Amino acid sequence: MGFCVLAKISKRTVTFWYQADSNPYAPLKMRESNEVPLYFYVNGNDFIFGAAARERFYKNDPYAYGNYFEIVKDPAKHFSIYGNKKPVKQLFYYGVEQYLSHFLNTVLYKADSIESYRQQFPLRFLFDDDIEDNEKSLIENLFQEAGYFNLERIAYHHTLFNILTQKQILPNNKAILLMNGIDNVLYLNLYKNSKAEALGSAKLVGQGADPRVKILADMIVEYIILQNSYLSVNKDAEIAFLLPFCAALLQNIGPIIKGEAELSDGNRYWFNVRERNLNDRLQYYANDGMIFAATDDLLRANNLQADDVMILLGSEEISTAYFSDKLLKKYHHVIALQPVDVKDTMLAIFQTIANAGYNVKAKVPTAPPVLPRPALPTPKLPPPLPPKKQSDVSKPVNIPRLPEIKVPQNTKNNPVKPPPLPPKKS
């Protein structure tokens with residue numbers, strides 16, 4: 001039986017999907033939603049992951065944890081579970097494994113514990129743009145150290161661009177600037193072409209939404225605070241939290257915008273604002289220059305002109321006519337990503353996982369091959385000399401013999417006398 005669980009991770013939430021037996025992928029829900037707030041509660045043997053832990057966190061419960069990617073920076077911070085002291089980074093591991101156990105018990109109907117499935121469990125991670133590279137490595141290492149070997153990171157942008165190219169939405173010969181707004185931060189990722197070869201990136205805090213979306217969120221938070229004076233909230237954080245909600249509101253609004261807004265602590269509050277006031281505030285908004293400057297710097301650093309780049313708006317907070325029209329005044333090619341494109345991309349991702357048999361190739365280090373010992377070379381003898389010609393044969397040379405010195409046979413009987421002395425001069 002083939003299956004897989006995919007977790008999309010951002011700074012604030014984790015979203016789960018699964019696929020089993022090549023059926024269409026589906027959200028993996030434990031309670032009411034497959035999107036889980038990144039909050040944890042640990043007390044004794046009790047471990048809670050999600051909305052219930054978030055409620056305790058905002059009630060200042062000392063056993064509740066939030067801001068996960070901030071608290072993991074403190075290596076001295078720990079929590080205790082089952083009587084064991086654990087580093088705070090393992091909160092994420094325990095939370096995700098709760099969902100994996102839930103999947104085994106309720107989807108696959110397995111009575112076994114997750115421990116017996118860890119090595120082969122097909123787990124895939126999809127990281128949002130707000131997760132840094134070192135944070136991606138932190139998450140992957142947590143699960144690899146726990147014995148999850150069938151683990152892989154999904155190259156989402158590569159699959160997305162491939163889908164858009166097949167639909168002839170993206171051309172093959174242009175660079176792509178993907179803009180994505182998350183929690184009121186605008187992420188800019190520049191790619192060389194549809195093969196998703198990264199060229200550069202930038203991020204702009206406070207620019208992650210259409211100005212109208214941000215202004216509406218600001219007005220809603222102001223209304224809630226005014227009506228509930230006892231509330232003590234971080235206004236900027238609540239505005240960032242409400243951006244997706246406000247983007248949906250602006251798709252169909254009337255003269256009066258009203259309803260219930262859920263703040264980051266999970267509580268809902270009534271609001272009532274006027275569209276006219278929204279438009280009045282919009283007239284005084286003049287902070288678009290930061291986006292233009294950052295875009296120009298990114299293109300200039302990579303020797304690109306505006307006509308060479310396709311700008312892709314990748315999130316609902318910026319996928320609006322107002323935001324697009326602002327960019328089109330300076331850049332020639334701007335398109336917004338549609339929900340159907342996201343759905344088709346996810347279908348393609350799960351299809352690729354299924355085609356691979358829900359397995360990844362284990363990257364096991366291999367020893368270098370043992371090379372055979374080379375045979376010692378046979379010493380080469382000098383080639384034989386060619387036969388000598390008759391003319392080359394040396395003729396015998398007549399060397400004169402030295403004169404023989406005749407010595408008497410018996411020097412004892414015939415002593416040798418010295419030569420006579422010369423005559424004396426007179």
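The model is predicted. Begin with helix α6, residues 211–227, and helix α8, residues 275–282, which pack at an angle of about 125° with their axes 10 Å apart. The crossing of the two, α6 and α8, is right-handed. On the α6 side the contact is made by Pro211, Arg212, Ile215, Leu216, Asp218, Met219 and Glu222, and these meet Asn277, Leu278, Arg281 and Leu282 of α8. Sorted by class, the contact of α6 with α8 has 6 nonpolar, 1 polar and 4 charged residues.

Helix α4 covers residues 133–145, and α3 packs with α4 at an angle of about 65°, the axes being 10 Å apart. Here too α3 passes α4 in a right-handed crossing. Gln90, Phe92, Tyr93 and Val96 of α3 meet Ile139, Leu142 and Phe143 of α4. This contact of α3 with α4 has 6 nonpolar residues, 1 polar residue and no charged residues.

With residues 90–106, α3 lies across β5, β6 and β7 and runs at about 80° to β6. These strands make up an open sheet of 3 strands in the order β6-β5-β7, with antiparallel pairing. Strands β6 (46–49) and β7 (64–65) stand at the edges with a single partner strand each, so one side of each has no neighbour in the sheet. Strand β5, residues 40–43, runs antiparallel to β6 and is joined to β6 by 4 bridges. Within that pairing, tyrosine 41 has isoleucine 48 in β6 as its bridge partner.

Next comes a hairpin. Strand β8 (residues 78–81) and strand β9 (residues 84–87) run antiparallel and are joined by 4 bridges. The bridge partner of serine 80 is lysine 85 in β9. There are 2 residues between the strands of this hairpin, and tyrosine 82 takes a positive phi near 55°.

Another open sheet has 5 strands in the order β14-β13-β12-β17-β18, and its pairing is mixed. Its edge strands are β14 (198–205) and β18 (334–336), each of which pairs on one side only. On average, neighbouring strands of this sheet are turned by 20° against each other, direction ignored. Strand β13, residues 185–191, runs antiparallel to β14, and 7 bridges join the two. One of the links is between valine 185 and its bridge partner valine 205 in β14. Helix α5, residues 156–166, packs on the sheet and touches β12 (175–182), β13 and β17 (309–313); the direction of α5 makes about 110° with that of β17.

Finally, consider the aromatic rings. How many aromatic pairs are there, taking ring centres within 6.5 Å as the rule? The count comes to 27 aromatic pairs. In one of them, the rings of tyrosine 25 and phenylalanine 350 have centres 5.0 Å apart and planes at 5°, so the pair is stacked. This pair links distant parts of the chain, 325 residues apart: tyrosine 25 is in the loop between β2 (13–20) and β3 (26–27), while phenylalanine 350 is in helix α11, residues 339–355.

Note on methods:
Residues numbered from 1 in each chain as written. Predicted model: local features only at pLDDT ≥ 70, side-chain atom pairs only at ≥ 80, totals over all residues. Heavy atoms only, no water. Axes fitted to C-alpha atoms, helices over the stretch in contact; angles between N-to-C directions. Left-handed = near helix turned anticlockwise from the far one by under 90°. Contact = heavy atoms within 4.5 Å. Nonpolar A, V, L, I, M, F, W, Y, C, P; charged D, E, K, R; others polar. Pairing = 2+ DSSP bridges. Phe/Tyr/Trp six-rings, centres within 6.5 Å; stacked < 30°, edge-to-face > 60°.
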